[in-house]
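Have the sequence and the structure open side by side.

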Amino acid sequence: MTVTSKGPLCPERQMSPRPYDVAVVGAGVVGTAIARELARHPHLHIALLEASADVGDGTSKANTAILHTGFDAVPGSLEARLVREGQRLLAAYAAESGIPVEPVGALLVAWDDAQLDALPGLLEKAGRNGYDAARIIGADETRAREPHLGPGVLGALDVPGESIICPWTTTLAYATQAVRSGVELHLNTRVETVSSEGGDHLLATSRGALRARFLVNAAGLNADVLDRLVLGAGDFTVTPRRGQLIVFDELARDLVRHILLPVPTALGKGVLVAPTVYGNVLLGPTAEDLDDKEATGTTADGLDGLLTKGRRILPALLDEEVTAVYAGLRAATEHDDYRIRCHKERRYVTVGGIRSTGLTASMAIAAHVAGLIAEADAGLDLEEPVEPAPVHMPNLGEAFPRPYQRADLIATDPAYGTIVCHCERVTRGEIRDALISTVPPASLEGLRRRTRARGGRCQGFYCGAAVRALHEGRGEWGPE
Ligand SMILES: Cc1cc2nc3c(=O)[nH]c(=O)nc-3n(C[C@H](O)[C@H](O)[C@H](O)COP(=O)(O)OP(=O)(O)OC[C@H]3O[C@@H](n4cnc5c(N)ncnc54)[C@H](O)[C@@H]3O)c2cc1C
């Protein structure tokens, strides 16, 4: 199993002695899903290249964590198809690999006559997207199902298939399975230039050069830049669309039973209130088009706007404590659909414009890209795909037993009975497991995404020193 994060990629000659068959650039939820899918072909020599020190460190770490049905996608679009297929694939994969999912369902709430009038159109659109379980419900039923909604509710579209999911475990599960299946994951490896030699791609990276016969661009916000590096010109430009979110304390969880969606606008799905699998409640996101691909900070104006909207949706929410705020950047483009293109003659696939549904669609995007690579007929050995050995990810969700609740586990290993982070009830055993896992964390933030440690209401005020000491002492435990 190969995961590297420092030193030259190939110390001796600064050039991989054996060219990779495929290099995937970007280890977000999309790139890791693609690497995992391609790893089903045991003869392929695959590199997954990530500029950051960890997988899932870009947009994939900061979203609203909803496994969408695709009921509101643009009918007939590639996105509509891949979201629909991706939801089915990821729901099954999550059940098999221990990624927490809760099928809480969504209510798309109408607050005025115009929104109420829009519901039949949305119902009809759901049908055109192959989703037939939605129905319109009246004000009384809406209020009975969500008693804490603010005044003025006129009705809702009930979408029972919408779920909440752990986005962090999803990316990690893909990466773990890919690496265990032979994918070489190179972190801290930014692709800086791409040239062509004998039909191969020569990639100059921040850790030296490598050669690949086929290139997949899953660089998220930078997919347009990489596209231009490879093709000399591109057919889309990424405009980062920031979404700010507020995380409310777990004590707010009883206030909301479903994902409460607004009637969508041209700018996006709008501001929602949703539970998380960790037991918090989210309010957000905003939708702000920016020109800075690193503007992941929150703003006072953005958060104030969310609080104003939240007060109308669920007034009691604003009496609860805020645990954290964060922002993510959607890779929006000038197009209404994903930009997934195979440039056969260049042995290159662009996976661009994966905006607000990439978590849901990830596995279907991966299967689609694998199909495009097969069609490109680039001489890669794609015979006899095999299913990878299953992964069993640590459970971060509140709907399933956590280690501190499991007497059987504690009896076999007392480390699962020693709580280190009391807000999130994270044990020493879980932290140890994360530190020696196939794709270990590079930082305390990465450790939080693998265990929830320091993610609770004290935000590490009480447990921070203990968690840091365990992180710094990781050598004691050795590799998996
Ligand atoms: C506020 C918000 C809410 C959302 N809500 C949902 C939701 O509820 N459900 C849903 O399904 N989707 C949601 N999404 C969308 C989803 O999060 C994204 O579609 C998905 O994370 C995109 O994944 P990605 O792998 O394409 O991009 P990223 O996660 O950004 O990964 C791209 C990676 O490429 C790396 N990279 C870039 N350039 C280079 C280079 N030159 N060399 C090497 N590496 C490079 C980056 O470091 C990064 O890690 C939301 C997004 C936002 C912002």
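Which residues of α11 are buried? They are Leu444, Gly446, Leu447, Arg449, Arg450 and Thr451, where buried means under 20% relative accessible area, exposed over 50% and partly exposed in between (1.4 Å probe, protein chains only). Before going on, a word on the source: this is a predicted model, in which local features need pLDDT of at least 70 and side-chain atom pairs count only at pLDDT 80 or more, while totals for chains, interfaces and linings use all residues. Residues are numbered from 1 along each chain as its sequence is written, and side-chain values use heavy atoms, with hydrogens and water left out.

**Helix α11**

Helices (H or I, at least four residues) and strands (E, at least two) are DSSP runs, numbered from the N terminus. The cover over the buried residues of α11 includes α5 (167-180), β23 (426-427), α10 (428-435) and α12 (464-472). Just past the helix, Arg452 has a positive phi of about 80°.

**The ligand site**

Around the ligand there are 37 residues, of which Glu50, Ser60, Thr64, Ile66 and Thr360 come nearest; a residue counts as near if one of its heavy atoms lies within 4 Å. At least two residues of this shell come from each of α1 (29-38), β19 (322-332) and α8 (358-376). By class, the shell holds 16 nonpolar, 17 polar and 4 charged residues. Here Ala, Val, Leu, Ile, Met, Phe, Trp, Tyr, Cys and Pro count as nonpolar, Asp, Glu, Lys and Arg as charged, and the others, Gly among them, as polar.

The table gives some polar contacts, meaning pairs of N or O atoms within 3.5 Å.

| Residue | Part of residue | Ligand atom | Distance |
|---|---|---|---|
| Ser60 | side chain | oxygen | 2.5 Å |
| His68 | side chain | nitrogen | 3.3 Å |
| Ser356 | backbone | nitrogen | 3.0 Å |

The protein covers 95% of the 1,000 Å² of accessible area that the ligand has on its own (Shrake-Rupley method, 1.4 Å probe).

**The nonpolar interior**

A nonpolar core is a set of buried Ala, Val, Leu, Ile, Met, Phe, Trp, Tyr and Cys residues joined through side-chain atoms within 4.5 Å. The largest has 57 residues, and Ile34, Ile340, Val351 and Ile365 have the most contacts inside it. Helix α8 gives the most to this core, with 11 residues. Leaving aside neighbours within four places in sequence, the contacts of Ile340 include Leu78, Val351, Ile365 and Leu372, contact meaning heavy atoms within 4.5 Å.

How values were computed. A polar contact is a pair of N or O atoms within 3.5 Å; within protein, one must be able to donate a hydrogen and the other to accept it, and residues adjacent in sequence count only if both atoms are side-chain atoms.
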